[in-house]
Amino acid sequence: MKIAVLGGGNGSFAAAGDFALSGHEVRLWRRDADQVAAHRAAGSRILVKDHNGRHEVKLALITADIAESVNGVELILCPAPAFAQPGIAGLLAPHLRDGQVVFLPPATFGSMIFAQAARDAGNHAKASFAETGTLPWLTRKHGPFEVAITIRAKRLPVGVFPLDQAAHALEVIGRAFPGAIEPCGDALSGALMNAGPIIHPPLIVMNAGPIEHFERWDIHKEGTQAAIRRVTDALDAERIAVREALGYGAPHFPLAHHYAKEGEIWMYGRGSHDRLTDSGDWRERIVLTEHRYMREDLRLGLSLLVSVAGLAGVATPLAKAFLAIGGAVCGEDFARGGRTLETLGLGDLRKAELQTLLRNGF
């Protein structure tokens, strides 16, 4: 199939390389024209490294023209951080066409940002927007045109906006991720599967000392201790309580399953935590005031969780606490702004009205 991948980070390179490795026609869009030119000069290739070895693949197109990248494709995949979504959505909005599927893995309810951008651009194409709970690859770039894939996701719970177009969207996404897609309802359900705002805030806040002391620190190895895991489980319980209060059923993909050696398989499958730490790729320098764990997962992800919890009538003391501490670390008030139902233009809707919008679209 024809797939456009938007962005130039770890996830975008993993997506472009892995899709090309699977035989799809892949077009990669990046904002930076100089980086595009350099990649083209290098042969428009990506070196993919995984447990099966090294694989050099050639992309069909690398471009800084977003219209060119998405023209005629079935699937548009955008794994960019949530804070980059509004800008990309605005660029993409005029160019969407009937039947195209925009997939955001994960998105922090970013599907609404892309859908609203299309509406605001006056584009009435029957496109659909979907999001899932994690990036489909545990991955890091090892060079300008080289990416290492440690794990490929085994289970991806996907929510779709509008829900009445879910059958088509899931069929398209399923061809890109055969056997991995699991419908989980509407886009808000998909947003409330996002693991990043659950796993990363405790790991960076409760490890802030060693993160700032050591040149490099692995929050998933030395940083994942029993005390922190207990807090992570309690924070995850707040997320699941919000899902249940809104009527979303199981499976809720509790993060505890990511670490478990038996029981239900989580999104990345069995043993993924050990493979992640064994790779060494997550022993890295984290600047707390700048890193996406703080700017995306904590500030945006937890502000969304707290906002939706308010609509659902669920208490979220831990989510609010991490927002307060993260804001103090950054010298900002994370309780203001962020990504909330209000900032998404949905703050005036009652629960039933929001559910109708999620089902039927604008």
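Modeller: Contact means heavy atoms within 4.5 Å. This is a predicted model, in which local features need pLDDT of at least 70 and side-chain atom pairs count only at pLDDT 80 or more, while totals for chains, interfaces and linings use all residues. Residues are numbered from 1 along each chain as its sequence is written, and side-chain values use heavy atoms, with hydrogens and water left out.

Colleague: With which residues is Ser128 in contact, leaving aside its neighbours within four places in sequence?

Modeller: Among them are Gln100, Val101, Phe161 and His168. Ser128 belongs to strand β8, residues 128–132; strands (E, at least two residues) and helices (H or I, at least four) are DSSP runs, numbered from the N terminus.

Colleague: Does Ser128 count as buried or exposed?

Modeller: Buried means under 20% relative accessible area, exposed over 50%, and partly exposed in between (1.4 Å probe, protein chains only). Ser128 counts as buried because its relative accessibility is 0%.

Colleague: At what angle do helix α8 and helix α13 pack?

Modeller: Axes are lines fitted to C-alpha atoms, for helices over the stretch in contact, and angles run from 0 to 180 degrees between N-to-C directions. Helix α8 (residues 196–205) and helix α13 (residues 292–312) pack at about 125°, with axes 9 Å apart. Therefore α8 is oblique to α13; angles under 35 degrees count as roughly parallel, over 145 as roughly antiparallel, 65 to 115 as roughly perpendicular and the rest as oblique.

Colleague: Which residues of α8 meet α13?

Modeller: Gly196, Pro197, His200, Pro201, Ile204 and Val205 in α8 do so, and their partners in α13 include Tyr293, Met294 and Leu298.
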